[in-house]
Amino acid sequence: MKTNINRRNFIKIGSAAGGGLMLAFLLPEAGCNSNSNSAAAAACDPLQPSAYLKIESTGDITICFARQEMGQGVNTSLPMIVAEELDADWNKVKTEIMSFDAKIERADKPAFGGYFTTGGSQSVITDWNEMRRVGAAAKAMLVKAAADKWKIPESQCSTANGAVTNKNNNASLSYGELVCDAIKLPVPKDVKLKDPKDFTLVGKALPKKNLKTILTGNAKYGIDVKVPGMVYAVVERCPVLGGRVKSVDDSACKQVNGFVKTIQFEGTSAPMNLHAGVAVIASNVWSAMKARNVLKVVWDEGNKNHESTDELFAKFESRSKQKPANEIYTKGDAAKANNPVGNMLESAYAAPFLAHGTMEPVNMVASVKKDSCEVWGGSQWPEFPVPEIAKELGIDAKNIKINLAYIGGGFGRRLFYDYILEAVKIAKQHEAPVKVIWDRVDDIRNDAYRPANYHRMKASWSNDGKMLTWQHHVLSTSVNVMLEGPETKNPAEILGGASSDFWYDVPNVHTAYSHVDFNLNRGWVRAVEICMNVFPIESFIDEVALKMKKDPLQFRLDLLSTMPKRTDQGLNQDPKRVAAVLELAAEKIGYSSPRQANHYIGLATHAFAFCPSYAAHAIEIEMVGPKKFRIIKVIAAVDCGIVVNPDGMKNQIEGGLAFALSQALKGEITVKNSRVEQDSFFNYNPLRFNEMPDIEVHYIQSNETPGGIGEVGLPTVAPALCNALAAAGSRPYRLPIKKDGFEWV
């Protein structure tokens, strides 16, 4: 009897039988450029005013999205924007990943790396206007076609639910019935967009388009990709970045059924800092893993193989008291205004390296031929690796094809292409396509980690209670140095309040940065510098308020009340919106209400200057012993302008909370002898389902242009929690807070 087994069925069966591994089949569906119409389509099909939209005579509407779907919901929010302006029937709309080779012609320029690049909470922000224009242009063509057919002015037509209606007699034509006439019309360049008050779809809470396939295990991700003739590879990598292969003994591997051969490859330096390795090729992944277990490799680790995070933080502490390497932002004269005696506070905060910990570890299929290359898998920045692949293979970049697939969690990990380059390096030494799979250990030990960081903060105030100075010395292991090398002109990690985007009104401000080198690959992790800097800023502002015997909420509101709105220096920052989310969080948690014994509340807020959104968290805890607490409730308050899909926004904030609490309570990557000590979710421990506290997400109704949301909900979680603990009597200065002796129950 022949039985089809998909990956998840295999996991169930394989767990019982201990058998081999079989992966499901996926080739990414063709995008909107493919003309993959149904058999019933007419010869004139489809109406396709842009690469993002296709309307067929059957009435089927397909909306493509170029941004990469990795759980954040762009496969729903971006099509919603098109469907809103189109007045489409959402129930009949299909959505698809756009083919990377699709020809995109847009009125605006690419942002943040390109039209397919997905990161920095930029997707809705940068596609908002274009998606609206796409829907509006198609609607205008359909209305013109209907008006011509009825011989009436277009103003006598209305649209709703995928049809045009004649206002004079209520006659109606579906969009499908109008396709063959509309396709003959020119695509209008100037179209009238809806007034936001007329939105009927944008602002509705809708589930993800692929929610059912996710919940039933049928969603296909990069790790499900299978191409004809492919073999599998797992890689033994040099444990020290910059090391090399000295010798390889694969004689024992040859005793493993399915083993094919081993392939050596050299590591690379900036920008991707790929570890050198030995790939074990086999006919199935289980055989590859078994063979890797008996592979013997001797490494030349180089001379940077004795570094440790303990030594790094000691360097941070010492260096923080010296003159900073880079002056970042100066307002007034913070050095001269340090007075009067006694009205000053100085503190230091620290946070460790962090891994991304995506549910789907990175993976990639690569096929290399004489003068061409094709890869399959998930990437947040598919534009990024193309030049490097071309350089590696010595081929023309136009002969490189990238096939994109759904991503099982990104958080910035797949903005890097080390795993793509690694797959290409291996595939170029093998005649068949190679699928390189990283397991959880590979993933945790060879990530591009969020930099460890340290902050020395100083503030002073007058005798009448007015803030005089604010000084912030940021120290980190710079991402830009890792990407661009030590000669980079911009090493600083200063976004998120450690530059001109500091959102409180203090007359004398000085911020500065120092890079401390460390031999570990670094990269962007969700919320990046903002997360790094908001923890010390919102902890220290709270600490100053308590030192001045002021209420932390009112202290913040007072500093925001005199702060001007700023649109200069690349900023788009409105202090009234910062104050509004802070007040909303305080109201919803009952900040001013009587509290039970041993219950304490902490607050924190921030402004995302580069994707104008604002967030605040309020956290209520109960102390159950000295430095032992439980989290009672978390309130998240958000202002991200127009909320396209409130359900997606809520999911993002809830997911951000889980991510941020994991970091605050548990998350830490430590290094000894230049080797990462963690290797799985047992010792790099994300929040479990049963550990998730009660959370409420509130947002401010707004007609402001949409801002970002993917990263906005993270930065204020840790400081809000730490401020609650400080209200109870003892403040954490290091993350995770267990390092300062706090215990969470």
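Helix α2 crosses helix α3 in a right-handed sense. In this predicted model, the two helices, spanning residues 74–86 and 123–150, pack at an angle of about 35 degrees with their axes 6 Å apart.

**Helices α2 and α3**

- On the α2 side, the contact is made by Val74, Ser77, Leu78, Ile81, Val82, Glu85 and Leu86.
- On the α3 side, the residues met include Trp128, Met131, Val134, Ala138 and Leu142, together with Asp127, Arg132 and Lys139.
- Sorted by class, the contact of α2 with α3 holds twelve nonpolar, three polar and four charged residues.

- Most residues other than glycine have a negative phi.
- Asp87 is not a glycine, yet its phi is near 60 degrees.
- The loop between α2 and β4 (93–97) holds Asp87.
- Asp87 counts as buried because its relative accessibility is 12%, and the cut-off for buried is under 20%.
- Ser121, also not a glycine, has a positive phi of about 55 degrees.
- Ser121 lies in the loop between β4 and α3.
- With 13% relative accessibility, Ser121 therefore counts as buried.

**Helix α14**

- Helix α14 covers residues 575–589, which makes 15 residues.
- From first C-alpha to last, α14 reaches 21 Å, close to the 21 Å expected at 1.5 Å a residue.
- At the start of α14, a side-chain oxygen of Asp574 comes to within 2.9 Å of the backbone nitrogen of Lys576.
- Buried residues in α14 include Val578, Val581, Leu582, Leu584 and Ile589, and also Pro575 and Arg577.
- Ala579, Ala585 and Ala586 of α14 are buried too.
- The cover over these buried residues includes helix α13 (552–561) and strands β22 (599–608), β23 (613–625), β24 (628–639) and β27 (695–699).
- Just after α14, Gly590 takes a positive phi of about 75 degrees.

**His617, in a strand that covers α14**

- His617 sits in strand β23, and β23 is among the elements that cover the buried residues of α14.
- Val581 and His617 are 36 residues apart in sequence, with their C-alpha atoms 8.6 Å apart in space.
- Is His617 buried or exposed? His617 counts as buried, because its relative accessibility is 1%.
- With Thr716, the His617 side chain makes a polar contact, side chain to side chain, at 2.8 Å.

**Cis peptide bonds**

- Most peptide bonds are trans.
- The bond joining Ala270 and Pro271 is cis, with omega about 10 degrees.
- Pro271 is placed in the loop between β10 (259–265) and β11 (277–282).
- Leu735 and Pro736 are also joined by a cis peptide bond, with omega about -10 degrees.
- Pro736 is placed in the loop between α16 (717–727) and β28 (743–744).

- His510 belongs to strand β21, residues 508–515.
- The relative accessible area of His510 is 18%, so this residue is buried.
- Beyond residues up to four places away in sequence, His510 touches Glu327, Tyr329, Thr330, Ala334, Trp470, Gln471 and His472.
- Asp443 belongs to helix α10, residues 440–445.
- Asp443 is buried, because its relative accessible area is 1%.
- Leaving aside neighbours within four places in sequence, Asp443 is in contact with Gly357, Thr358, Pro361, Val362, Arg413 and Trp438.
- Trp744 is 301 residues from Asp443 in sequence and 27 Å from it in space, C-alpha to C-alpha.
- Ser702 lies in the loop between β27 and α16.
- Not counting residues up to four places away in sequence, Ser702 touches Asp639, Gly641 and Ile642.

Conventions: Residues are numbered from 1 along each chain as its sequence is written. This is a predicted model: local features need pLDDT of at least 70, side-chain atom pairs count only at pLDDT 80 or more; totals for chains, interfaces and linings use all residues. Side-chain values use heavy atoms; hydrogens and water are left out. Axes are lines fitted to C-alpha atoms, for helices over the stretch in contact, and angles run from 0 to 180 degrees between N-to-C directions. Helices (H or I, at least four residues) and strands (E, at least two) are DSSP runs, numbered from the N terminus. A crossing is left-handed if the near helix is turned anticlockwise from the far one by less than a right angle, and right-handed if clockwise. Contact means heavy atoms within 4.5 Å. Ala, Val, Leu, Ile, Met, Phe, Trp, Tyr, Cys and Pro count as nonpolar, Asp, Glu, Lys and Arg as charged, and the others, Gly among them, as polar. The expected span of a helix is 1.5 Å times one less than its number of residues. Buried means under 20% relative accessible area, exposed over 50%, partly exposed in between (1.4 Å probe, protein chains only). A polar contact is a pair of N or O atoms within 3.5 Å; within protein, one must be able to donate a hydrogen and the other to accept it, and residues adjacent in sequence count only if both atoms are side-chain atoms.
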